[in-house]
Amino acid sequence: GVSANRVARFDPATNSWSMLGTVAQNGVNGIVFALAIDGSGKVYVGGTFTQAGGVSANYVARFDPATNTWSTLGTGAQNGVNYYVYDLAIDGSGRVYMGGVFTRADGLIVNRVVRYNPATNSWSPLGTGTGNGVSGTVWALAIDGSGKVYVGGSFIQAGGVSANSVARFDPATNSWSTLGTGTQNGVSSYVYALAIDGSGRVYVGGRFTQAGGVSANRVARFDPATNTWNALGAGVGN
C-alpha cells in the first residue's frame with residue numbers, strides 16, 4: 001500500500017513496508033533484476049533504469065539506508081554502465097561485481113562483467129585487453145570463500161578462453177579458467193543461477209542437459225577440488 005518504484009524494503013520486526021528514498025523520488029524508473037548488500041548495509045541495485053531517487057544513474061545505483069539517499073557508481077554522465085545489469089555480487093573486501101549485457105563502465109571497455117571499487121569510486125575489467133570479460137550475456141554471479149568469482153550466462157568465451165556458459169575469474173591473478181577440461185568444459189546451454197556451499201562446491205542451474213560431458217538436467221554441481229561435474233540425483237531423472 002506504500003508507493004514504491006520498483007524496489008522496496010520490508011521489516012519483519014514490524015511486518016511493514018517502506019520506500020527507498022523520499023515520496024516524490026523514491027526507487028528507480030525501470031525494472032530491477034539484481035540486489036546486493038555490502039557489509040555496511042548499503043544496497044546495490046541493478047536493472048534497466050536510468051534514474052534512482054531522481055538522480056541520473058545508468059543501470060546500477062547505491063542506496064544508503066542511514067541517510068535514505070541514492071548515489072551513482074562512478075562520476076559524471078558516464079556513471080554506471082551502458083546497458084542492462086542482470087546480477088550483482090559483493091566480495092569480502094566490499095568490491096562489487098556486476099554482470100549483464102553492457103560493454104562499457106564509466107567509459108571503460110568491459111565485456112558484460114565488471115568490478116567496481118567503492119573505496120576508490122573506480123571500475124576495472126575482469127581480465128586484460130579487448131578480450132576481457134565474456135563473449136555473451138551474463139545472468140549469474142557467485143563468489144567463493146577465497147574471492148574467486150563464478151560467472152554464468154550464454155557465452156562461449158571468458159577472457160579469450162573457450163568456456164561453455166560458465167567460467168571462473170581469479171582476482172589475484174586477473175585470469176579466467178574453465179570449469180572442467182577439454183571441449184566439454186562447462187555446460188551445454190545457458191546458465192541462469194549460481195550458488196556456492198560451505199565446502200566451495202558450485203551449484204549451477206539453467207537450460208542445459210549436460211555438464212562437463214555428464215548428463216545433468218538443468219542443474220548440476222561442480223567441485224573445484226577435483227575439477228569435476230556431477231548430476232544431482234541418479235539416472236535419467238537426475
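Predicted model: local features only at pLDDT ≥ 70, side-chain atom pairs only at ≥ 80, totals over all residues.
Good morning, colleagues. I begin with Val 236, which is found in the segment following strand β26, residues 228-231.

Is Val 236 buried or exposed? Its relative accessibility is 82%, and because exposed means over 50%, Val 236 counts as exposed. Its C-alpha atom is separated by 8.5 Å from that of Ala 216, a residue 20 positions away along the chain.

Let me turn to an open sheet. Four strands make it up, in the order β15-β16-β19-β20, and their pairing is antiparallel. Which strands stand at the edges? They are β15, residues 138-143, and β20, residues 175-178. Each of these has a single partner strand, so one side of each is left without a neighbour in the sheet. On average, neighbouring strands of this sheet are turned by 25° against each other, with direction ignored.

Strand β16 covers residues 149-153 and strand β19 covers residues 166-170; the two pair in the antiparallel sense over 4 bridges. In this pairing, Val 149 stands opposite Phe 169 of β19.

Finally, I come to strands β1 and β2. Strand β1 spans residues 8-11 and strand β2 spans residues 16-19. How many bridges join them? There are 4, and the two strands run antiparallel. Here Phe 10 stands opposite Trp 17 in β2. Together β1 and β2 form a hairpin, with 4 residues between them. In the turn of this hairpin, Asn 15 has a positive phi of about 55°.

Thank you for your attention.

Notes
Residues numbered from 1 in each chain as written. Heavy atoms only, no water. Pairing = 2+ DSSP bridges. Axes fitted to C-alpha atoms, helices over the stretch in contact; angles between N-to-C directions. Buried < 20%, exposed > 50% of the residue type's maximum accessible area, 1.4 Å probe, protein only.
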